[in-house]
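The sequence and the model are shown first, and the description follows.

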Amino acid sequence: MTQIEIVPCLSDNYAYLVKSGDQCAIVDPSEAAPVRAALARTGWKLTHILNTHHHLDHCGGNLDLKQETGAKIVGPGKDAARIPGLDIGVDESTGWEFDGRKVQVLEVPAHTKGAITFVIDGNAFTGDTLFTLGCGRLFEGDPQMMWTSLSKLMTLPDATQVWCGHEYTQSNGRFALTLEPGNGDLKARMDDVNAARAASKPTVPSTLGLEKKTNPFLRPDSAEIRKSLGMEKAGDVAVFGEIRARKDKF
Ligand code: ZN
Ligand code: FE
C-alpha cells in the first residue's frame, strides 16, 4: 500500500511524502524544514528524493535532505546538470523502481525541457506540467510541445490521482470559468474548491478524469471554449496556445 502525505512548502508549493514498505520518497522538496517536520511527525525514514524538474521551488531542499538522511536523489537524467545532487537520472525508457514496483516516468517537456512526471501506484506527480485546473507556463517549450506532453498524460487511466506542484486551483478555476461558464462539472468543482480553500484545505489530489472534464488546458476541443475564443475552426494546438496566452495575462 502506498501512503501519501501532503507537505506544504514556501507560499503555495506542495511536496509529497510517499511511503511504501520501508521506502519513503519526498517529491519536489522546495525546502528542507517542512519535510524534516513531516518526517518527525510520521516517523518515516527518507530513502529517496524525487524531482519533477530543476526549478528551485522543486529541488531547493535536495542537498540538505540528502546530507541529513543519505537519501538518493532521482530526477530527469536529461537535466542532470541542473538538478542539485542528482544520483539517479531517469527517463521514459529507464523508468524507476520504488519498493520493488515499477514506477512509470513520462517525459513531459515544455515548462522545462527536462520535466518528467512520476507515476507511482496510480498516483501521478506532475510538478508544474499539469496543474489542477491548469497547466504550467511555457518557459522552455511552445504550445505544440506542451500539448504533446499533456496529451501523453491524458493516456493514463481516468482514475489516476493527480498531485501537482502548487496550490493554484482556485485562481485557475476562475480563469477556466471565463472560457467555459456553461460547464456544469466545472461549476460544481469550483464549489468544492472554494469550500476547501475557505477551510484552508488543499485541493489536491484530483483525478485525471475530473481534469479532462473541467481543466480548459485539456479541453481545446470544447465547443464552448472555442466559441469563447472565436476559434471554432482552429486546430487543437492553436486553441491550446490561445488559452495559454490568455492565462498568462489573466
Ligand atoms: Zn517550475
Ligand atoms: Fe514550481
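## Salt bridges and a metal site

Arg197 and Glu167 form a salt bridge through their side chains, with N and O 3.9 Å apart; a salt bridge is a side-chain nitrogen of Lys or Arg within 4 Å of a carboxyl oxygen of Asp or Glu. Because Arg197 lies in helix 6 (residues 184–198) and Glu167 in the loop between strand 13 (161–164) and helix 5 (169–179), the pair ties together parts that are 30 residues apart in sequence. Helices (H or I, at least four residues) and strands (E, at least two) are DSSP runs, numbered from the N terminus.

The model is predicted: local features need pLDDT of at least 70, side-chain atom pairs count only at pLDDT 80 or more, and totals for chains, interfaces and linings use all residues. Residues are numbered from 1 along each chain as its sequence is written, chains are lettered from A and ligands numbered from 1 in the order in which they are written, and side-chain values use heavy atoms, with hydrogens and water left out.

The whole structure holds 16 salt bridges. Among them are the following.

| Salt bridge | N to O distance |
|---|---|
| Arg197 and Glu167 | 3.9 Å |
| Glu140 and Arg82 | 2.9 Å |
| Lys152 and Glu92 | 2.6 Å |

Asp79, Arg82 and Glu140 are linked in a network of salt bridges. Arg82 is partly exposed at 33% relative accessible area, and Glu140 is partly exposed at 22%. Here buried means under 20% relative accessible area, exposed over 50%, and partly exposed in between (1.4 Å probe, protein chains only).

The side chain of Arg82 also makes a polar contact of 3.4 Å with that of His54. Such a contact is a pair of N or O atoms within 3.5 Å; within protein, one must be able to donate a hydrogen and the other to accept it, and residues adjacent in sequence count only if both atoms are side-chain atoms. His54 is buried, at 14%, and is found in the loop between strand 4 (48–50) and helix 2 (56–59).

Asp57 (OD), His58 (NE2), Asp128 (OD) and His166 (NE2) coordinate the iron ion (ligand 2) at 2.1 to 2.3 Å. Donors are N, O and S atoms within 2.8 Å of the metal (3.2 Å for Na, K and Ca); water is not among the atoms, so sites may look incomplete. The zinc ion (ligand 1) is 3.2 Å from the iron ion (ligand 2), and Asp128 coordinates both. Asp128 is buried, with a relative accessible area of 4%.
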